[in-house]
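Student: I am new to this structure and would like to learn how to read it. Could we go through it one feature at a time?

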Amino acid sequence: MILLLWVPSLAQAQQEFPLREVLDALEERYEVDFNYDPQILEGMTASLPESNLTLEEALVQLRSQTLLEYHFLDSTTVSVIKRSVATGVTLCGYLQDKDDQTPLAFANVQVGRKATITNEEGYFELVEVDPQAQVQISYLGYKTLNRQAKFFKRSCEPIYMVANQQQLGTVYLQQYLVKGVDRLTSGEYRIDFDKFSALPGLIEADVLQAVQALPGIQSVDETVSDINIRGGTHDQNLILWDGIKMYQSGHFFGLISVFNPQMNQEVRLTQNGTDPQLTDGVSGTIAMKTAQRINPKFKANVGINLVNADVFFDIPVTANSSLQLAGRKSLSDLFATPTFDAYFDRISQNTEVTQQQENTVNTNQNFEFYDTSLRYLHRISDKDHLRANFLLINNKLVFDENTVLDSGIISRQSQVSQNSVAAGLQYNRDWSERFSTALEVYNTDYILEAINANIELSQRFLQENSVSETGIKALAHWQFNSKFKWSSGYQFIETKVRNLDDVDNPVVRNLSGEVVRIHAAFTNLSLADQNTNWSGNIGGRYSYIPKFDAHIVEPRLRLAYAITPEFSAEAMGEFKHQVTTQIINFQNDFLGVERRRWRLANDSTIPIVQSKQGSFGLNYKKEDFLIGATGFYKEVDGVTARSQGFLNQFEFEEGIGSYTAYGLDFLVRKNIWRLQLWSSYSYLQNTYDFPTLLEESFPSNFDISHTVTAGLAYDYKGFKASVGINWRTGRPFTLPDPTTPLIEDEVNYGFPNQNNLDEFIRLDASASYRFTKGRLRFQVAASVWNLTNRKNVLNRFFEPVSTQVVQVDQNSLGLVPNFSLRMFY
């Protein structure tokens, strides 16, 4: 079209053209249809709106030039009608959060009987409004805004809303790492996936992969089922999904998260200074949350990548309720991909799945997984809110063991499965602007089961490990004023753990069950005073465990002070405990694919794990530059040797000890144009003390002394890209004694953990692009994990073979490509 070819010069000259040609040009530019009677356009002219305007802004400009109204019939059709003669004004604007200027979608805007809601960009519009009328803008979690219509500007400028005073968890350091990663005044890190930019190697917003980008957090074996926070083991992490404690975290036995990225809106990570209402997790807390807003419009998306396919629905049930549903299923039933094969090879290393014995061949290896999640919100009234959650997770690995005997070839099937079912209910009531209460109930069930068929011995070996937990929490919040908020409550937790070993030839059955109940009371005082520049939390938790007649008092503290507008300091401390731990048994447990069993404290061989931690940090932030450093010291007592994953002389030893970890987490981040650059460094000294095993202290299995990550991210309009590198010193391991490596056909190890593996280096990259086609939006994404295909050794142990000692290495993933396509409605 001639008009489109001359758009730049026409826009600059503000030259007017027949209105029909202007609408034709806008149809091509914005991919919409204008519905009108040709007669009403006769004789009308208008200038072509500038190309950098949104469609809504362009229509506002046309309204000011013509006596016509433009109304959306749907997302791609605009009705054009004559404007009725009236004296009212047109209201429009973009609703945004005052702190970070993010759009506030689906907010209510009301003037008398006229009302509308903001779209996904926060835009709203009301026509023919009395200039003297009172406009009310309300949004859950924000202060209601009231102003007269005459104060709204025709230019549709941003309108800022302030978070309600009851939400003291305000942003302390915005864009701590990349866009969407913030530090809150509560001391938590928050990753908001609605604003999330990009991290290297992530094709989707995998929660448990994303948190590993933060300083002081890593996985020594590259899995989400072995996340180490400041030198702790994975079982020392409290993982919550909408308040429900989870005992299973990974699909593919740890390579990807079980939590569907489409359901999770944000995740909060706490390393120290934990809120007293939370128990467990002596090393840290990873708390995920689904969206807290009732969506008035139907939304859906479907996606596929080289590992799985998934679907997501957000369904408005009524005007006051909405339902989210999500499902994900592996593609292995249909076809194999390079990504799936790489994952499978990784989980089956040094396991019975791939190891072949004399006269025995394993075939027909098949692995599949799926998960289903549900979240229901209901606004019973303006003061009463209900939330319900459900989560179902399944992993299953099956293979055939084929053995040649005198009678011929005999085949038997072995399998291992890992499943979780969890449900939760939360009821919140706002009694007034200053007082609110909440009641939370959840139940979570986890079971790990393996059937190992041994044809030569005519034996079937059944193993099970299950956890069933029920929790009830009641809490109240008092907002005294703009500075102080007090929270208190009560929590009851009952945890049952069951373990079974069942052999049919000879008949041996070992079944054990344990139950622990905990009663706890907690209180917390929050401070946020802009006049004195102080913020923080101080509180405590009291727990009573009837089974052991144990009384545990745990103080919690976090204080921050803004020395200058750019420079701040913070101090944190906490005492914590937990009664659950994971015991790592023999290499052939659960076919070697999963070797960890949940156990409960028994106050003898497995004590209650207790920790003490303190930290101090300094942060400097000016405009787009941030530098921060935090030093910490942590002691954890009641650690069992069987929970640490020893692969040396202590592999089968019973022992109770402790570890001491201290170190420094350092971060530098700079934004340049649309690039976000960051680099972090972590120093860690982590030492065991097991008096019954060794008189001297020795390095921890998780003593990674130096860790460096660096990366850059680009985010503009629909395109996101990121590249980054991970480097760390090698994990400790134990060498056999050089003079006598074997004693009575057993490996004779030297002093534990005196050697280190080679350094670990991994380069990752990812990119995605979103675009619109008609009423649909699409996203294509690609990622490469370990771009250089470097062979990193994650762990090393030794086995006696005949008269020799053989070295066995567990290797990391090699180069792993992935690609995804997603369609949004």
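Student: Is Glu31 buried, partly exposed or exposed?

Tutor: The model is a predicted one. Buried stands for under 20% relative accessible area and exposed for over 50%, with partly exposed in between. Glu31 has 39% relative accessibility, so Glu31 counts as partly exposed.

Student: Where is Glu31 found?

Tutor: Glu31 sits in the loop between helix H3 (19–30) and strand S2 (33–35). Its backbone deserves a look too: phi of Glu31 is near 55°, a positive value in a residue other than glycine.

Student: What about Asn753, buried or exposed?

Tutor: Asn753 counts as buried, because its relative accessibility is 4%. Phi of Asn753 is also near 55°, again positive in a residue other than glycine. The loop that holds Asn753 runs between strand S48 (746–747) and strand S49 (755–756).

Student: Which residues does a cis peptide bond join?

Tutor: The cis bond joins Asn505 and Pro506, with omega at about -5°. Pro506 belongs to the loop between strand S32 (484–504) and strand S33 (507–529).

Student: Let us turn to the whole chain. How many helices and strands are there?

Tutor: The protein chain has six helices and 54 strands. Its radius of gyration is 30 Å, close to the 28 Å that the globule rule gives for 825 residues, so the chain is as compact as a globular protein of that length. The C-alpha trace spans about 105 × 65 × 45 Å along its principal axes.

Student: How many of the 825 residues, as a percentage, count as buried?

Tutor: The buried share is 54%. As for the surface, the accessible area of the chain comes to about 35700 Å², and 54% of that belongs to carbon and sulfur atoms.

Student: How should I read a nonpolar core?

Tutor: In soluble globular proteins, nonpolar side chains tend to be buried together. Here the largest nonpolar core has 44 residues, and Leu199, Met246 and Phe259 have the most contacts inside it. Elements that each supply at least two residues of this core include strand S15 (189–192), helix H5 (207–210) and strand S28 (384–405). Helix H5 gives the largest share, three residues. Apart from this core lies another, of 38 residues, among them Val307, Phe367, Leu448 and Ile608.

Student: Which residues is Phe259 in contact with, leaving aside neighbours within four places in sequence?

Tutor: Its partners include Leu208, Ile239, Trp241, Met246 and Leu391.

Student: How does a distance in sequence compare with a distance in space?

Tutor: Take two pairs, both given C-alpha to C-alpha. Ser543 and Val553 are ten residues apart in sequence and 6.6 Å apart in space. Leu306 and Asp737 are 431 residues apart in sequence and 45 Å apart in space.

Student: Where does Ser543 lie, and what does Ser543 touch?

Tutor: Ser543 lies in strand S34 (residues 534–545). Ser543 is buried, because its relative accessible area is 0%. Not counting residues up to four places away in sequence, Ser543 touches Ile518, His519, Ala520, Ala550, His551, Ile552 and His577.

Student: And where is the place of Leu306?

Tutor: Leu306 is in the loop between strand S24 (299–305) and strand S25 (308–318). With a relative accessible area of 25%, Leu306 is partly exposed. Beyond four places in sequence, Leu306 touches Thr337, Thr339, Phe340, Pro817, Asn818 and Phe819.

Notes:
Residues numbered from 1 in each chain as written. Predicted model: local features only at pLDDT ≥ 70, side-chain atom pairs only at ≥ 80, totals over all residues. Heavy atoms only, no water. Core = buried A, V, L, I, M, F, W, Y, C linked by side-chain atoms within 4.5 Å. Buried < 20%, exposed > 50% of the residue type's maximum accessible area, 1.4 Å probe, protein only. Helix = DSSP H or I, 4+ residues; strand = E, 2+ residues; numbered from the N terminus. Contact = heavy atoms within 4.5 Å. Rg over C-alpha atoms; globule rule 2.2 N^0.38 Å. Areas by Shrake-Rupley, 256 points an atom, 1.4 Å probe, with all protein chains shown as cover.
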